[in-house]
Amino acid sequence: MRKIFVWIWLAFVPAAAAREADLPEEQTPEWKAGVASAVITPSTALPMAGYAGRKEPAEGAEQELFAKALAVEDRDGRRIVFLTMDLIGVIERLRTAVAEQVEQRCQLPPHALLMNASHTHCGPAYGRDEAKDYFDSLTQTLVELVGRSLDGLQPATLSYAHARCGFAMNRRTPTPTGYRNHPNPDGPVDHTVPVLRVARSDGGLCAVMFGYSCHNTTMGFLKWLGDYAGYAQEYVEQDHAGVTAMFLMGCSADQNPYPRSQLEYAQKHGRSLATAVEAALEVGQRTPLHQRTVRGPLRSVMETVALESSVADRPDYLYPVQVVRLGNDLAVIALGSEVVVDYALRLKRELAKPGGPAIWVAGYSNDYRDYIASRRVLEEGGYEADCCAWKPDLEERIISKVHELYQRLEP
């Protein structure tokens with residue numbers, strides 16, 4: 001494990017903190033935020049995750065892998081930490097170990113910790129027995145990362161906007177013999193690039209969290225790589241000195257980057273996504289018109305819903321659903337495992353209302369186990385449906401749980 005990089009936005013001045021505590025509520029900062037970053041590139045040869053055909057360990061790094069934490073606190077002291085990682089997924093064992101230690105050390109309840117993996121296929125298979133030392137070190141790094149982001153909380157302002165990026169394409173093509181894994185320009189996609197802008201109290205940009213719905217599978221070689229998401233974060237940070245860029249993976253189970261299989265395409269896709277982030281930030285515009293100021297209060301909830309397999313004697317999957325609501329301006333819905341794009345499209349269609357919060361749907365959050373097909377995909381068949389046999393009510397169970405939790409957080 002490499003060293004941890006932590007950036008705290010403003011020097012902590014005890015006298016200033018005391019004065020802030022004495023301010024009336026209407027004059028206290030709407031938000032505090034803190035961010036921390038750590039390199040999590042394995043320092044030893046380990047097997048790679050994502051493609052079963054790769055039997056050899058990685059042969060070094062093309063690009064560093066990162067974990068990053070963004071802590072946000074409202075004026076009433078309610079907190080959320082977004083923890084993003086250049087990993088294949090958040091396996092249950094990692095989620096449990098990190099959440100338990102974070103609750104003990106930082107008094108942050110599990111529902112206030114959102115863990116999201118970029119789903120890079122050029123990261124370590126960290127759940128294997130031979131990766132135990134890396135797993136243990138990774139766990140401690142993530143726990144420390146959360147703590148450092150909370151320790152760095154300072155007055156901040158938040159705003160939300162979105163743009164679009166077009167390299168993701170549906171990978172389910174109908175043929176006379178069924179659905180094939182092949183680029184389908186007519187299939188459903190979600191090209192939205194949601195962007196949360198975090199600024200210091202003086203207005204200077206200090207963190208950007210953005211998302212996209214597309215597999216991180218441009219490359220499948222034997223080197224560590226964050227893929228297009230890694231390059232997008234790298235480019236945003238290069239273009240904005242001192243800013244930490246974080247990627248929150250969307251609902252990407254049936255979405256691939258095209259073209260692919262050459263490193264230059266991962267870089268080009270990363271530049272396309274970084275450019276979309278710039279567009280959402282309205283860089284170069286004298287008077288921004290699309291920055292939606294995000295206000296409190298902050299509320300979060302996470303529960304599980306039982307998903308039933310169509311295979312006899314297979315136990316139910318206690319599937320995690322998390323909702324984070326920032327006032328009436330932004331709601332982040334985090335779904336576990338590999339979720340097809342239908343979920344994001346449906347939830348935004350059903351929950352987004354005039355005057356209500358923007359809806360941001362993330363997959364690959366808090367657990368990583370199976371493909372989560374929609375009813376449509378289950379009926380059509382194909383890879384995303386056939387690898388995990390679910391009962392047809394799968395989609396309705398998940399959507400109903402999201403609606404239940406979302407309504408619970410209504411002001």
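Student: Whose ring does the charged end of R314 sit over?
Tutor: Bear in mind that this is a predicted model, where local features need pLDDT of at least 70, side-chain atom pairs count only at pLDDT 80 or more, and totals for chains, interfaces and linings use all residues. Residues are numbered from 1 along each chain as its sequence is written, and side-chain values use heavy atoms, without hydrogens or water. A charge sits over a ring if NZ of Lys or CZ of Arg is within 6 Å of the ring centre and within 35 degrees of the ring normal. For R314 the distance to the ring centre is 5.2 Å, and the ring is that of W390.

Student: And how far is the charged end of R172 from the centre of the ring it sits over?
Tutor: Here the ring belongs to Y179. The charged end of R172 lies from the centre of that ring by 4.7 Å.

Student: Are the rings of Y126 and F135 stacked or edge-to-face?
Tutor: Rings of Phe, Tyr and Trp (its six-membered ring) pair with centres within 6.5 Å; planes under 30 degrees apart are stacked, over 60 edge-to-face, the rest tilted. The search of the whole structure gives 11 aromatic pairs. For Y126 and F135 the centres are 6.3 Å apart and the planes at 15 degrees, so they're stacked.

Student: Is F135 buried or exposed?
Tutor: Buried means under 20% relative accessible area, exposed over 50%, and partly exposed in between (1.4 Å probe, protein chains only). F135 has 6%, so F135 is buried.

Student: Which strand holds Y212, the partner of F167?
Tutor: F167 and Y212 make a tilted pair, 5.0 Å between centres and 55 degrees between planes. A strand is a DSSP run of E with at least two residues, numbered from the N terminus. F167 is in the loop between β6 and β7, 45 residues from Y212, which is in β10.

Student: Why is β15 largely enclosed by the rest of the structure?
Tutor: Strands pair if DSSP finds at least two bridges between them. β15 runs antiparallel to β14 with 10 bridges, and antiparallel to β16 with six. It's largely enclosed because its buried residues number nine of the 10.

Student: Which residue in the hairpin of β15 and β16 takes a positive phi?
Tutor: Three residues lie between the two strands. The one with a phi near 55 degrees is G327.

Note on methods: Helices (H or I, at least four residues) and strands (E, at least two) are DSSP runs, numbered from the N terminus.
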